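Hi,

Here is the structure I said I would pass on.

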Amino acid sequence: MIDKNREASPKRSLILAGGGLKVAFQAGVLQVWLDEVGVRFDHVDGASGGVFNLAMLCQGMTGTEIADNWRNLPILKGIQPNWSQYFKLVYAESLLRYDRWRENIMRRHWGLDFERISQSSLPASFNLYNFTRHRLEVRSPDRMSEDALVACVSLPMWFPPVHIDGSIYIDAVYATDANLMEAVRRGADEIWVIWTVSERGLWRNGFLANYFQIIETSANGRFRADLLRIENNNRRIAAGQNGEFGRPIEVKILRAEVPLHYLINFRPGGFTHAVEMGIDLARRWCDTNEIALPDSEPAREAGAVSLSFSETMRGFVTRGEEDHVVGASDKNRRSELAVDLTIDIDNVDQFIEQADHEGTAAGKVRAPAYGGECPIERGTFNLFVDADSGRKLMKYRLFFRDNNNAAKTLFGYKDVHDDPGFDLWSDTTTLYTRVLDGHVDETGEDTAVIEAAGIIRIYLTDFLRQLASFRTFGSSWSARTAGLTRFSRFFLGALWDVYGERIGGDIYHL
């Protein structure tokens, strides 16, 4: 991690900020920054969930090894309700315990060895909060133990505090989720931050959502206050004055809205997706910041299970209209449009890992306005692509030709987002549809000619047929079953990402 020959290079600190289970994304970034690019850091700081990745670094793991540890995280083996406390109501110690997490995740899955961690030569700092003395403590690797690491992530109410040497310790997130000032104190000229705490500013009601919105308030508030201190320091130095820190400090931040809940995630594929998202954004970030990347991506082993299902959607579009709602509701001008599709996913594991979750779509477009049944020449399907404000999109792009052999593109999307009321059914079955002139890929959408717009839907009878159409293909029955299970967990987990916080809050209030 340390390059002693970089005498003239800036002194760099890496900040592994908190974010609960969202730090699986952070592991993907580490694979790129440390292994693919070979960036070297003179100091690494971890807070809250980021301490898990820091502990693995201190043990000597590579970025790729850390990423693999998250890709394969057996999350269900780490969950342990604190049943003995559930009937104490007001006086309950915590909702969950860390015993299974310690044994099944930290020791067995990650293989954390605190004797090796405590002997690490990596200049590292772990943040934990001493509640007894009400002060933030920063510990070097030689002062870390399993209890100390658990204390770094012990969120009040969710997990019990940890007692160490006569003091009570909890997660440092309310004091800091990214200790920039420790990096400054250690002489950093550059501070690289991986930030996964949500900055959407989207307010949700319900206990579960409110709790983590308090976390976001504390984390973002402290982080931005420290960034402002550094910004003011740099401004004064640039003006020829004395800055607070005596030297200019550059802060490089890789931010991401990671589609995982901080604490509650039941789908293994979700962690794989977060890691791959980290890899993808880190590579793009490096390109934007003119940091050289290797010529080719490391090859990964292909999976063996493929999956297919059918889907039919029906509705109306209006030619000469660009607005979806108007195009579907104008009874005087609209015409019927339907699609009969077979969706093929060649490799379930790769589909889940890829950020665009893309499969192929074949079949036909049925539209009297375009000459009846039009075979699809080529089609793509994207499932639960991350969008802004916590939304996810299901996207369809179908290339066909009308009865005059003119090239057309049917592009549609389902907008999956959490509104008041039960909108899960309508969100996942309503396709906002446009027909474009020519065969138009994503890069050409902004300049494409829109010939028609409207809405098509999956109706209940078609949905039941869709459920019965799922087929898997693989080397064995067990492999096919496992593939279907992974796909199902990915699908349901994505729905939880969108609707889960409100559902959890609603359950709490029942």
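H1 passes H2 in a right-handed crossing (right-handed if the near helix is turned clockwise from the far one by less than a right angle, left-handed if anticlockwise). Before I go on: this is a predicted model, with local features needing pLDDT of at least 70 and side-chain atom pairs counting only at pLDDT 80 or more, while totals for chains, interfaces and linings use all residues. Residues are numbered from 1 along each chain as its sequence is written, and side-chain values use heavy atoms, with hydrogens and water left out. Helices (H or I, at least four residues) and strands (E, at least two) are DSSP runs, numbered from the N terminus.

Back to that first pair. H1 covers residues 24–36 and H2 residues 50–58; their axes lie 10 Å apart, and the packing angle is about 40°. Axes here are lines fitted to C-alpha atoms, for helices over the stretch in contact, and angles run from 0 to 180 degrees between N-to-C directions. From H1, Gln26, Ala27, Leu30 and Leu34 meet Gly50, Asn53 and Leu57 of H2 (contact means heavy atoms within 4.5 Å). Those residues of the H1 and H2 contact split into four nonpolar, three polar and no charged, where Ala, Val, Leu, Ile, Met, Phe, Trp, Tyr, Cys and Pro count as nonpolar, Asp, Glu, Lys and Arg as charged, and the others, Gly among them, as polar.

H2 also packs on H3 (residues 63–71): the axes come within 10 Å and cross at roughly 135°. That makes H2 oblique to H3, since angles under 35 degrees count as roughly parallel, over 145 as roughly antiparallel, 65 to 115 as roughly perpendicular and the rest as oblique. This crossing of H2 and H3 is right-handed. Phe52, Asn53, Met56 and Leu57 of H2 make the contact with Ile66, Asn69 and Trp70 of H3. By class, the H2 and H3 contact has five nonpolar, two polar and no charged residues.

How many of H2's residues are buried? Nine of its nine are, with buried meaning under 20% relative accessible area, exposed over 50%, and partly exposed in between (1.4 Å probe, protein chains only). After H2 comes glycine 60, with a positive phi near 105°.

On to the strands. S3 (residues 124–130) has seven of its seven residues buried. Both of its faces are covered, with Ala124, Phe126, Leu128 and Asn130 on one side and Ser125, Asn127 and Tyr129 on the other. Strands count as paired if DSSP finds at least two bridges between them, and S3 has these partners:

- S2 (residues 43–46) runs parallel to S3, joined by three bridges; aspartate 45 is partnered with serine 125.
- S4 (residues 135–139) is antiparallel to S3 over five bridges, and phenylalanine 126 is partnered with arginine 139. The two form a hairpin with four residues between them, and histidine 134 in the turn has a positive phi of about 50°.
- S6 (residues 167–170) is antiparallel to S3, with two bridges; tyrosine 129 stands opposite isoleucine 170.

Last, two loop residues. Most residues other than glycine have a negative phi. Serine 48, in the loop between S2 and H2, has a positive phi of about 50°; serine 48 is buried, at 8% relative accessible area. Asparagine 405, in the loop between S13 (392–401) and S14 (407–416), has a positive phi near 70°, and asparagine 405 is exposed, at 53%.

Cheers
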